[in-house]
Amino acid sequence: MLSLAQSSDYLFCLEWTPSDTGPKVLQYKKIKFNPSQKSYKNFLDTSLIDFKKSSINPSNSISLSIHIDNVLLTSFNYDLNIDLEDYTKWYENNVLNPYVVENFDIYYYPLNNKENSIMVVCINKKLKANIIASCKKHKYDLVHLTFDIFSAGIAAKVYRK
């Protein structure tokens with residue numbers, strides 16, 4: 001599997017394969033991520049020039065963690081007596097800007113807290129389409145697309161581990 005994580009002006013590339021003792025890292029490289037690539041259009045064209053996949057790894061799977069600047073992140077509290085699907089429709093119609101609703105894929109994640117909060121993550125549809133198109137062009141199966149707040153590195157910093 002090829003795992004990529006964007007952090008500011010770099011793309012961290014890690015190729016790994018499963019083994020009996022856990023993941024076996026085949027190669028790692030830090031590649032300059034050009035600001036013009038922030039739209040992720042054909043981003044693998046330039047990234048894979050500097051990172052040649054190992055012949056040992058038969059997988060064409062890829063996971064990508066994009067920088068948090070590439071998503072909109074917010075939250076709201078809701079009433080448990082109202083159906084969550086009804087509430088999210090109301091939220092999109094009355095709180096979110098119509099531009100966001102039309103141009104972003106919106107994901108809702110209920111949080112387990114006293115306030116009954118929902119985390120809202122929005123990713124630009126064009127950016128997401130560019131990522132998928134670049135992966136397909138290079139015959140990679142995109143199995144994970146996330147953003148850096150959910151990465152292990154960020155979690156370690158938050159919990160000081």
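Colleague: How does α4 lie relative to β4 and β8, and at about what angle does α4 run to β8?

Modeller: Axes here are lines fitted to C-alpha atoms, for helices over the stretch in contact, and angles run from 0 to 180 degrees between N-to-C directions; on that reading, α4 lies across β4 and β8 and runs at about 145° to β8. Helices (H or I, at least four residues) and strands (E, at least two) are DSSP runs numbered from the N terminus. This is a predicted model, in which local features need pLDDT of at least 70 and side-chain atom pairs count only at pLDDT 80 or more, while totals for chains, interfaces and linings use all residues. Residues are numbered from 1 along each chain as its sequence is written, and side-chain values use heavy atoms, with hydrogens and water left out.

Colleague: What is the order of the strands in the open sheet of five strands?

Modeller: Strands of a sheet pair through backbone hydrogen bonds, either parallel or antiparallel. Two strands count as paired if DSSP finds at least two bridges between them, and here the order is β3-β2-β1-β4-β8, with mixed pairing. At the edges stand β3 (22-32) and β8, each of which pairs on one side only. Within this sheet, β1 (residues 2-7) and β2 (residues 10-19) run antiparallel and are joined by six bridges, and A5 has F12 in β2 as its bridge partner.

Colleague: Which residues of α4 are buried?

Modeller: Buried means under 20% relative accessible area, exposed over 50%, and partly exposed in between, with a 1.4 Å probe and protein chains only; by that test L127, I131, S134 and C135 are the buried residues of α4. Seen down the axis of α4, they fall within an arc of 100° (taken from the directions from the helix axis to the C-beta atoms), so they line one face of the helix. The face turned away from that buried side carries the exposed residues K126 and K136. With contact meaning heavy atoms within 4.5 Å, the buried residues pack against α1 (43-47), β4 (61-66), β7 (117-124) and β8 (141-147).

Colleague: What is the strand order of the other open sheet, the one of three strands?

Modeller: That order is β5-β7-β6, and the pairing is antiparallel. The edge strands, β5 (71-77) and β6 (104-110), each pair on one side only, and neighbouring strands of this sheet are turned by 20° against each other on average, direction ignored. Here too α4 packs on the sheet, touching β6 and β7, and its direction makes about 65° with that of β7.
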